Amino acid sequence: MDMNRLRDHMVEHHVMRRGIGDQSVIKAMRIVPREKFVDPGFEEFAYEDAPLSIGDGQTISQPFIVALMIEKADLEADDKVLEVGTGSGYASALVSRIARHVYSVERHERLALQARERFERLGYGNIDVRVGDGSKGWAKAAPFDAIIVSAGAPEVPTALKEQLDLGGRLIIPVGRNDEQRLKRITRTGATTFAEEDLGGVLFVPLIGEDAWTAAHPMYTATAPSSRAEETSSKLISAAAEEFSSVDDKSFAVLFDRFADSRIVLLGESTHGTAEFYETRAAISRHFIEHYGFNLIAVEADWPDAAAIDRWLNGQAPGDGQPFRRFPKWMWRNLEFSRFVGWMKKENERRKASHKDPVRFYGLDLYNMSGSIRSVLDYLETVSPETAKIARERYGCLSPWQSNPATYGRAVLTEAYRSCEDAVLKQCTELLARSLDDAASGKDDFLNAVQSARLLAAAERYYRVMYYGGAQAWNLRDTYMADTVEHLLDFHGPAAKVIIWAHNSHIGDARYTDMAIARDELSLGQLCRQRFDEMTSLIGLGTHCGEVIAADDWDGRAEKKQMSPSLPQSCEHLCHEAAKPRFLLDLRADEELHASLVEQRLQRFIGVIYRPETERLSHYMSTSLSRQYDAFIWFDETHALSPLVAPQSSKGDPETFPFGF
């Protein structure tokens with residue numbers, strides 16, 4: 001990896017583009033090598049805008065937050081600065097490139113010693129580090145022109161305020177539970193201080209005599225809604241278009257306003273909720289019957305979907321059973337099977353009346369789940385420990401994942417890297433076999449075109465997929481969008497498509513942390529950009545209930561209880577509206593749209609659900625009214641009904657979905 005290029009990209013995209021304008025901070029971030037402040041094996045993550053685990057329950061903060069805190073400290077070249085929470089030493093190193101001298105306090109001896117060694121290797125001689133209670137500061141070195149605290153305290157420690165020089169600035173996260181606010185305290189007199197609120201943040205706790213005790217329960221309690229949140233909930237309640245059931249004829253009619261679109265994307269906030277599948281099926285049936293939609297494209301592998309499509313159109317489905325790989329419950333479930341059965345009967349009716357059939361396609365072009373299975377199978381045979389790393393990577397590197405601990409479990413080893421070429425060869429061969437199986441009948445040309453596109457780009461894709469991260473996500477969603485475009489071109493100007501995929505795919509990533517923090521894009525964003533005024537993005541969400549999910553990638557499907565949505569989240573606003581089911585048209589009411597433009601937390605649960613780390617593993621900041629055109633709400637939901645293969649002494653194959 002070219003670390004200089006990655007460092008420049010971080011500064012330009014994660015620092016300057018987000019509003020950091022202090023040239024001394026920008027210069028420091030361009031010259032301090034962040035990769036030197038992470039443990040071996042973590043270098044690939046060094047320039048992502050995300051916190052990273054450094055052990056002992058501590059993190060190296062995301063670059064933007066580090067830059068923001070240093071900028072708000074208003075450092076001068078002759079300043080003497082105290083940093084509380086040395087951690088990896090990265091923030092101290094940055095400050096040392098701006099200010100005259102840095103004093104840094106760390107309570108973990110191992111981290112303090114590591115930081116000293118890093119400073120010595122880099123030649124940063126104007127930093128002193130000691131082990132101690134950061135909440136008490138460093139009295140012997142006081143007074144300080146600035147104090148920067150890299151951990152959250154319940155209140156501003158008195159000792160730190162007293163160690164400020166006149167005019168000195170203290171930057172510190174303050175607050176209980178998940179209500180932390182970044183504060184700037186400026187000393188204006190012997191006993192007087194001015195306080196500014198710089199916005200909401202989330203830091204590890206500051207442990208010390210004047211801060212939290214070591215038993216601090218990290219960010220688990222809830223907090224009451226603010227007046228602005230209450231106003232938004234009232235606006236949601238007033239604008240909500242309630243419905244009694246998705247089976248009621250009046251339900252699907254609510255969506256007639258989107259029927260003029262050529263592309264309608266229907267989301268889901270989990271991959272395991274029955275109501276989401278039933279909702280998408282009801283809307284799809286209505287649009288197919290009344291508005292000329294003739295293509296269904298889903299977040300699934302192309303070859304598996306091709307088997308379903310062949311069966312829907314009266315052809316032999318092929319030798320293999322579709323959707324047999326993890327997470328097979330996504331499509332091998334009762335709710336989806338009912339919709340497949342309906343499409344089969346609809347096509348029989350269309351055939352009798354000489355109308356074109358409804359077609360069914362998968363958008364995941366690279367047989368993703370099968371390829372990951374191939375990776376894991378191979379690594380299990382050559383190195384079980386390496387397979388464990390791979391499983392963690394595939395399970396944790398979601399676009400909404402912000403738990404720094406997940407990176408700690410996914411550190412690469414030389415054994416992992418040495419398997420790259422062998423795995424690449426297996427994945428490419430698997431892709432070629434799958435595409436051969438998918439080719440049939442009059443669609444040979446379409447399959448041939450897709451096959452050529454896939455095989456031409458397969459090596460690059462599989463190398464990226466092997467390591468995971470934002471680049472793999474962007475390749476995947478770009479090819480999903482390309483496939484939508486190719487399908488519409490292939491089927492002609494009258495073709496109209498309904499897409500089923502996760503909210504993280506169908507929403508517009510430009511208005512989420514995906515773009516802001518990780519430079520990720522999405523299928524919904526690309527459809528909006530390529531088919532302006534012809535695309536509708538409809539998200540789905542819930543407050544609580546049951547969900548089918550696994551603990552880890554390739555894990556066992558389990559029925560899990562979802563935690564209630566967090567305060568300050570979009571879901572909590574909808575819950576506070578106190579209506580069980582409704583449609584929210586985010587384009588129709590200007591006041592509602594404006595109230596939901598502000599960034600709030602939004603929950604995303606994929607095939608993995610970890611309620612024990614709910615906030616960090618399943619939420620990211622989004623602008624709801626800019627991300628979607630509409631939002632469908634279910635206050636309480638139920639788990640999907642996975643189809644279990646019947647037990648038979650003769651080993652009869654499961655008939656899904658062909659028994660309908």
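Biologist: Two strands pair if DSSP finds at least two bridges between them; with that settled, which residue of β9 stands opposite R181?

Modeller: G200 in β9 stands opposite R181. Helices (H or I, at least four residues) and strands (E, at least two) are DSSP runs, numbered from the N terminus. Before going on: this is a predicted model, in which local features need pLDDT of at least 70 and side-chain atom pairs count only at pLDDT 80 or more, while totals for chains, interfaces and linings use all residues. Residues are numbered from 1 along each chain as its sequence is written, and side-chain values use heavy atoms, with hydrogens and water left out.

Biologist: OK. What sheet is β9 part of, and in what order do the strands come?

Modeller: The sheet is open and has 7 strands, ordered β5-β4-β3-β6-β7-β8-β9, with mixed pairing. At the edges are β5 (127-131) and β9 (193-200), each of which pairs on one side only. On average, neighbouring strands here are turned by 15 degrees against each other, direction ignored. Axes are lines fitted to C-alpha atoms, for helices over the stretch in contact, and angles run from 0 to 180 degrees between N-to-C directions.

Biologist: How many bridges join β8 to β9?

Modeller: There are 6 bridges between β8 (residues 181-187) and β9, and the two strands run antiparallel. K183 stands opposite D197 in β9.

Biologist: And which helix packs on that sheet, touching β4 and β5?

Modeller: That is helix α5 (residues 109-122), which touches β4 (101-106) and β5. The direction of α5 makes about 165 degrees with that of β5. Touching, or contact, means heavy atoms within 4.5 Å.

Biologist: Back to β8 and β9. How many residues does the hairpin between them go through?

Modeller: The hairpin joins β8 to β9 through 5 residues.

Biologist: Which residues there are linked in a network of salt bridges?

Modeller: R181, K183, E195 and D197 form that network. A salt bridge is a side-chain nitrogen of Lys or Arg within 4 Å of a carboxyl oxygen of Asp or Glu. E196 also forms one with R184, with the closest N and O atoms 2.9 Å apart. E196 lies in β9 and R184 in β8, so this pair ties together parts that are 12 residues apart in sequence.

Biologist: Is R184 buried or exposed?

Modeller: R184 is buried, at a relative accessible area of 12%. Buried means under 20% relative accessible area, exposed over 50%, and partly exposed in between (1.4 Å probe, protein chains only). E196, at 34%, counts as partly exposed.

Biologist: How many salt bridges does the structure hold?

Modeller: It holds 32. One of them joins R556 to E558, at 3.9 Å between the closest N and O atoms. R556 is exposed at 63% relative accessibility, and E558 is partly exposed at 24%. R600 and E598 meet in another, at 4.0 Å from N to O. R600 is buried, with a relative accessible area of 5%.

Biologist: New topic. How many residues of helix α3 are buried?

Modeller: In α3 (residues 63-72), 9 of the 10 residues are buried, among them F64, I65, L68 and E71. The cover includes α1 (3-16), α2 (23-31), α4 (90-96), β6 (144-149), β7 (164-174) and β8. After α3 comes D74, whose phi is positive, near 50 degrees.

Biologist: What about the largest nonpolar core?

Modeller: It has 56 residues, and F255, I296 and W500 have the most contacts inside it. Helix α9 (residues 274-291) gives the most to this core, with 7 residues. Another core, of 50 residues, lies apart from it and includes I20, M29, A91 and L94. A nonpolar core is a set of buried Ala, Val, Leu, Ile, Met, Phe, Trp, Tyr and Cys residues joined through side-chain atoms within 4.5 Å.

Biologist: What does I296 touch?

Modeller: Leaving out residues up to four places away in sequence, its contacts include S284, I288, F339, M343, Y361 and W500.

Biologist: Last one. How many aromatic pairs are there?

Modeller: The structure holds 25. The ring centres of F243 and F634 are 5.7 Å apart and the planes are at 75 degrees, so that pair is edge-to-face. F243 is in the loop between β10 (241-242) and α8 (249-253), and F634 is in strand β20 (residues 630-637), 391 residues apart. Both F243 and F634 are buried. Rings of Phe, Tyr and Trp (its six-membered ring) pair if their centres lie within 6.5 Å; planes under 30 degrees apart count as stacked, over 60 as edge-to-face and the rest as tilted.

Biologist: Which residues do ring pairs link into a cluster?

Modeller: Y277, F323, W331, F336, F339, W342, F360 and W500.

Note on methods. Two strands pair if DSSP finds at least two bridges between them.
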